[in-house]
Amino acid sequence: MSQPTPNLPTLSQPGRLRTEHLSEAFGITIVRPRLSWEPPRATVSQTAYQLLASNGWDTGRVASNAHRSVPYDGPELGSRDRFEWKVRTWNLDPDGVEQQSDWSAPMAIELGLLHPEDWSAQWIGPDEQGIKDQQILRPGERPGYALHAGFTLEAAPDRARVYATARGIYELFINGQRVGDQQLTPGSTSYHSALQVQAYDVAALLRPGINTVRAILTDGWYRGTFGYTRDADMYGTQTAFLAQLELESNGLRTTIGTDASWLVSASEIISADLMEGQHTDFRRLGGRNMGTAVLPEAGFDTLTGPLAPPTRIVEELTPVAITRVAKGNQVVDLGQNINGWVRLKRLGKPGDTVTLVYGEALDADGDVTQDHLRPLDFRNPGEFLGAGQVDSVIASGAPGETFEPRHTAHGFQYVSVQGLAEDLQSEDIVGCMVQTELERLGSFACSDERLNRLHEIVEWSFRDNACEVPTDCPQREKAGWTGDWQLFVPTAAYLYDVAGFSRKWLKDVRADQWDNGVIANISPSPGPAVTRSDFMAFVNGSAGWGDAIVLVPWEIYLATGDAGILAENWEAMDRWLGFVRESAAQNRHPERAAATPIPEAHEQYLWDTGFHWGEWLEPDGPEPDLHAFRTADRGIVATAYFRQSSAIMAKIAAVLGMEREAREFAELSENVRNAWEQEYLHTDGQVGDSTANGASQANCVRALAFELVPESARPAVAKQLARLIRDAGTHVGTGFLATPYLLPVLADNGHLELAYELLMQDSAPSWLLMVDRGATTVWEDWNGIGPDGAPKASLNHYSKGAVVSFLHRYTAGLRQAAGSAGYERIIIEPRPGAGITSTNTSHHGPHGPIDVAWDLDGEQLTLRVNVPPETTAQIRLPGQPGSDVGPGTYRFTAPVGGFDHQRELTRSAT
Ligand code: BGC
């Protein structure tokens, strides 16, 4: 190893100020927000800080190295309060000398309306009873309404805010200009417990004289069709809108709120639905007057400010091709599968209908096909429901008319534009990528272009499924499936700041939890009263899905070091574990009971009953039969998650200082582990159960990743896994749950080369097959696109993409040390393979950016790293003992010899 020389840039000011993980804290409703900043780049550690706020709060110099989640402690905050805060720090430089930083740039915090009494506005809605043609009120086909009012101002106000929300989706316009750039507001939450209010600064939109305010209101998540089953009216049957415009001049506030004087009219939106699409007739702009608004019963108790960043159009894509196919339709190819809609400027002749059919794949004629996206109709077995995703527009002929269906969202790469005689040009249509605006934290690139492409398509799949909540897929379901986020969150958290995003979602998961502790499969959902009585209620409470309530907060804690997220979710986790423990202790699988009437002692820890999705979608697996799942014995999977979640609970309890619980969960976890071993580790050292699929790759992976088998048994299980992979022709055999762990457990258990062989495999099933077949997002099924080009199931599920964390943590070699949170202690251990000659990765952790790059020149490895302040890195080079370094940039060289692998946990560090 060459002598490392720390090389530090000069001290400047702290940066990346955050309030409750948010970079925009406008309209928040947290009265003691926690503040975070990043130490100045040049420093080694912080010795003190000073926070200064424009409302007079001044901490003075506080001797502390804290720079994350420091609670605001200034004057008590009330509704509408606004202040700016900034921070300066004292830090040790590399010579151990304390230096004072400059002040940071300020961050503004503005509170929204905190109390129901702050609202003088009333909820308003259209009088749908008065609509004669009930046909029009069919779910999926309901119209958008315009709600409007006018008011006169003597002068433009000094300050103007609007607080707005809806039961449905709303867009707001003042004097014809759209308010703000957020999309799909008020966003998706479990509305019975939380409804987000957006706050907007609208001073620039107002003028002296007459002003108009107009909202467009559509069904959205509130009562539109939604999810696999296309249920409608999930939260209620009446849409409603609420807005309060507050104007301040010379210290006096006037309020204009929604009330019964607002007028309602039909809008240009003939129908809008998140699944079905949006139909707009511009000839109806300023449409039929429907009288004044009605005042629906709706309270103010659930109103809340944002916990997550807002949803916006984050990117616009120009078509890579526009082709007219035989039927005359014009097929627009964006070159990328996205979530959102198109903006269309060429609308054809006034009165003509132009229809847009959105999809991810093309049929044999080159037109968009949606057949693979049609869900089974559980209410009518054997039938399929429609795929939706169809918009249409009728032009009025007004100059500059543009169609942008912002009251729906689609998952698509292609759009079949139908009914347009004129040839579309690429400037006529643009793809709008709609996503929660997440800050990028991580990157990866290497010398292998196909792996780089794999990394890109995984990122796209994630981003396409990061609209308001983590979803399974942006087209067929748009649903916040717990299992999907559970297994992908470690990968996502490396690449993006998903702390606020996950925290908002977890709030819904908690609200949707049943009183017996079951975690609903999908959140947001209408809550226990509805999900428990649903005809498909039995599918809730699955291992690997419900465990999200434990595993997601834990991963966010590891990424951020914010233990608050653990505390917030502790009770819900504990109740979930209560349900699992109870299920294991009280119930025996009927076949087990028939075979051995008297249970053995360890069986109280076996979770072998209840509905489980199991590993889910392994290659060549049978078509899922949900009713058969209900009675299947999935003890080998469920008990593994029981072990993993209880082990993580022990760690969480320790972080929270709950010693008794930490001990109890550690003991429980060991008992469950022991039960798993007794049942599923056979005397010949092989993993399996009584079913044909028990000895699967996935079960071997879990045996190793969740430490279900004793140390002495690991080599044999690793060998079994390797053999199963070889027996499959060196192919992956895992589905959803075990895929993130597959390559890591191979690497950690002496089979690094096999891990690389699997990664580089490009015959079916494999990751690179997706790349080779032109995937732009990750497929749900391993055989998403067949050899004939035919699509199967969704082409945009991120789960299998979790493999890329192997590239970050093993190939490039940047991972967090066991026991560290917030990237305080990291391990840098490059593990080259597969002929890769160079890689670089970075992760912007809470202390600053960590960069790792290596290249191989013949037999020599050169490694360059940047270690941020407050961080120690253990550098592990081939064949050498680990060495610890502190903040700075370093260059190391080493001959490539045998790597001395140390087994680390395979998820993030635990
Ligand atoms: C979803 C998944 C989900 C699963 C449950 C599917 O329909 O798309 O991603 O986790 O059901 O197994």
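# Briefing: cores, a helix pair and selected residues

Glu870 sits in the loop between strand 40 (860–867) and strand 41 (872–875). Helices (H or I, at least four residues) and strands (E, at least two) are DSSP runs, numbered from the N terminus. This is a predicted model: local features need pLDDT of at least 70, side-chain atom pairs count only at pLDDT 80 or more, and totals for chains, interfaces and linings use all residues. Residues are numbered from 1 along each chain as its sequence is written, and side-chain values use heavy atoms, with hydrogens and water left out.

**Backbone exceptions**

- Most residues other than glycine have a negative phi, and most peptide bonds are trans.
- Glu870 is not a glycine, yet has a positive phi of about 65°.
- Glu870 is buried, with a relative accessible area of 16%. Buried means under 20% relative accessible area, exposed over 50%, and partly exposed in between (1.4 Å probe, protein chains only).
- Arg16 also has a positive phi, of about 50°, and is not a glycine. Arg16 belongs to strand 1 (residues 15–19). Arg16 counts as partly exposed, at 23% relative accessibility.
- Ser523 and Pro524 are joined by a cis peptide bond, with omega about 0°. Pro524 lies in the loop between helix 4 (499–511) and helix 5 (528–531).
- Ala764 and Pro765 are joined by a cis peptide bond, with omega about -10°. Pro765 lies in the loop between helix 15 (752–760) and helix 16 (767–772).

**Nonpolar cores**

- A nonpolar core is a set of buried Ala, Val, Leu, Ile, Met, Phe, Trp, Tyr and Cys residues joined through side-chain atoms within 4.5 Å.
- The largest nonpolar core has 158 residues; Leu454, Trp485 and Val498 touch the most other members.
- Helix 10 (residues 635–655) supplies the largest share of this core, 11 residues.
- A second, separate core has 49 residues, among them Leu113, Tyr163, Ala240 and Ala409.
- Val498 is in contact (heavy atoms within 4.5 Å) with Leu438, Phe462, Trp485, Val489, Ala492, Ala493 and Ile556, leaving aside neighbours within four places in sequence.

**Helix 3 with helix 6**

- Two packed helices are described by the angle between their axes and the distance between the axes.
- The axes of helix 3 (residues 482–495) and helix 6 (residues 548–560) come within 9 Å and cross at roughly 10°. Axes are lines fitted to C-alpha atoms, for helices over the stretch in contact, and angles run from 0 to 180 degrees between N-to-C directions.
- Helix 3 and helix 6 are therefore roughly parallel to each other. Angles under 35 degrees count as roughly parallel, over 145 as roughly antiparallel, 65 to 115 as roughly perpendicular and the rest as oblique.
- Helix 3 makes the contact through Thr482, Trp485, Gln486, Val489, Pro490 and Ala493. Helix 6 contributes Ala548, Leu551, Val552, Glu555, Ile556 and Ala559.
- By class, this contact has 9 nonpolar, 2 polar and 1 charged residues. Ala, Val, Leu, Ile, Met, Phe, Trp, Tyr, Cys and Pro count as nonpolar, Asp, Glu, Lys and Arg as charged, and the others, Gly among them, as polar.

**Helix 17 and what follows**

- His808 lies in helix 17 (residues 804–812). His808 is buried, with a relative accessible area of 1%.
- The side chains of His808 and His455 form a polar contact of 2.7 Å. A polar contact is a pair of N or O atoms within 3.5 Å; within protein, one must be able to donate a hydrogen and the other to accept it, and residues adjacent in sequence count only if both atoms are side-chain atoms.
- Beyond residues up to four places away in sequence, His808 touches Phe444, His455, Thr491, Tyr494, Leu495, Gly813, Leu814 and Thr841.
- Arg815 lies in strand 36 (residues 814–816). Arg815 counts as buried, at 3% relative accessibility. A polar contact of 2.9 Å joins the side chains of Arg815 and Glu829.

**Thr402**

- Thr402 lies in the loop between strand 30 (390–394) and strand 31 (410–418). Thr402 is partly exposed, with a relative accessible area of 30%.
- The side chain of Thr402 reaches the backbone oxygen of Gly400 at 3.2 Å.
- Thr402 and Phe282 are 120 residues apart along the chain, with their C-alpha atoms separated by 9.5 Å.
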